Amino acid sequence: MTTIIPADPPLALQLDHVARRRAGRVAVRDLSLSLLRGQVLGLLGVNGAGKSTTLSMIAGALRPDTGAIKLNGEDFLERPELARTGIGWLPERAPLWPELNVIEHLDAHARLRGLRGAALHAARNAIVERLELQPLARRLAGVLSQGQRQRLGLACALVHRPTLLVLDEPANALDPVQMAALRSLIREQAAAGTAVILSTHVLSEVTAVCDRVAILHEGALQHEGMVEAGDHAALERRFFEIAMTPRPAQAA
Ligand SMILES: Nc1ncnc2c1ncn2[C@@H]1O[C@H](COP(=O)(O)OP(=O)(O)OP(=O)(O)O)[C@@H](O)[C@H]1O
């Protein structure tokens, strides 16, 4: 009898020795990381640790100086359209056009990611319903509250059903009710096979929604591992150990 061993979920994201300088200084150095479909990875680090730079590179918005990034096994630095169709990105401040309304934003994002006609309308209506944006549908982005802008940014990142969702401090500006809704949305995306990477300053956010955690410090990966349920104290200890340890100056 042949025993069928279930395969691991496929690799969604792979970073190999990625580095990037900004304004003449090293922002991210020699970073290697991988993420499976359906996993949620939390990226921690103090201000300036390199989280946003890393996420911008993963989202295809910033090119690494060296190293490779693969999405679903394909090098997207050579094929930028893969990032456009396969990745959803919510930057730290959702980039919105103040003079476009909520529906116009979603339609523009869906078109940019290759959706057209009935498929576009179905995808847009589904995300409007999921994120309860109906009451805001015709509201201009310029008059939305911070939390509403964040929710629209999230909808724009999800409208095309990406295989990788990249969220830069997504809990900023959300009230506790919206934060709980965001957690369940992230878990729901992961259960459907989407890989999610999110940066945060809130350690409890990591223990609440992430399977894995990576801690960056001064641009370098200092810790990477699974998140143990209820192990908030251990993560906090590890975070402070890293954050409070001065690193020897490295070649800039
Ligand atoms: N647009 C930019 N131009 C020049 N340098 C930048 C730019 N953005 C970031 N940097 C520098 O790159 C380094 C990493 O910054 P990054 O924003 O990636 O860190 P971060 O961990 O996301 O910080 P925060 O938690 O404050 O958002 C810092 O030294 C920062 O000053």
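The model is predicted, with an ipTM of 0.97 and a pTM of 0.93. Across the chain the mean pLDDT is 92, and 95% of the residues reach 70 or more.

**The shell around the ligand**

- The residues that surround the ligand are Arg22, Ala23, Arg25, Ala27, Gly45, Asn47, Gly48, Ala49, Gly50, Lys51, Ser52 and Thr53.
- Two elements, β2 (25–36) and α1 (51–58), each give two or more residues to this shell.
- Helix α1 provides the largest share, 3 residues.
- Sorted by class, the shell holds 6 polar, 3 charged and 3 nonpolar residues.

**Helix α8: dimensions**

- Helix α8 covers residues 232–244 and so has 13 residues.
- From the first C-alpha of α8 to the last, the helix reaches 18 Å, close to the 18 Å expected at 1.5 Å a residue.

- Leu235, Phe239 and Ile242 are the buried residues of α8.
- Viewed down the helix axis, the buried residues of α8 lie within an arc of 70°, and therefore they line one face of the helix.
- In general, an α-helix has 3.6 residues a turn, so residues three or four places apart point the same way.
- The other side of α8 carries the exposed residues Ala233, Ala234, Arg237, Phe240, Glu241 and Met244.
- The cover over the buried residues of α8 includes the strands β3 (40–44), β9 (212–217) and β10 (220–226), together with the helix α7 (203–209).

Conventions. Residues are numbered from 1 along each chain as its sequence is written. This is a predicted model: local features need pLDDT of at least 70, side-chain atom pairs count only at pLDDT 80 or more; totals for chains, interfaces and linings use all residues. A residue is near a molecule or strand if its C-beta atom, placed from the backbone, lies within 6 Å of it. Helices (H or I, at least four residues) and strands (E, at least two) are DSSP runs, numbered from the N terminus. Ala, Val, Leu, Ile, Met, Phe, Trp, Tyr, Cys and Pro count as nonpolar, Asp, Glu, Lys and Arg as charged, and the others, Gly among them, as polar. The expected span of a helix is 1.5 Å times one less than its number of residues. A residue is buried if 20 or more other C-beta atoms lie within 10 Å of its own, exposed if 12 or fewer, and partly exposed in between; C-beta atoms are placed from the backbone. The arc is that of the directions from the helix axis to the C-beta atoms. Two residues are in contact if their C-beta atoms, placed from the backbone, lie within 7 Å. pLDDT is the predictor's confidence in each residue, from 0 to 100.
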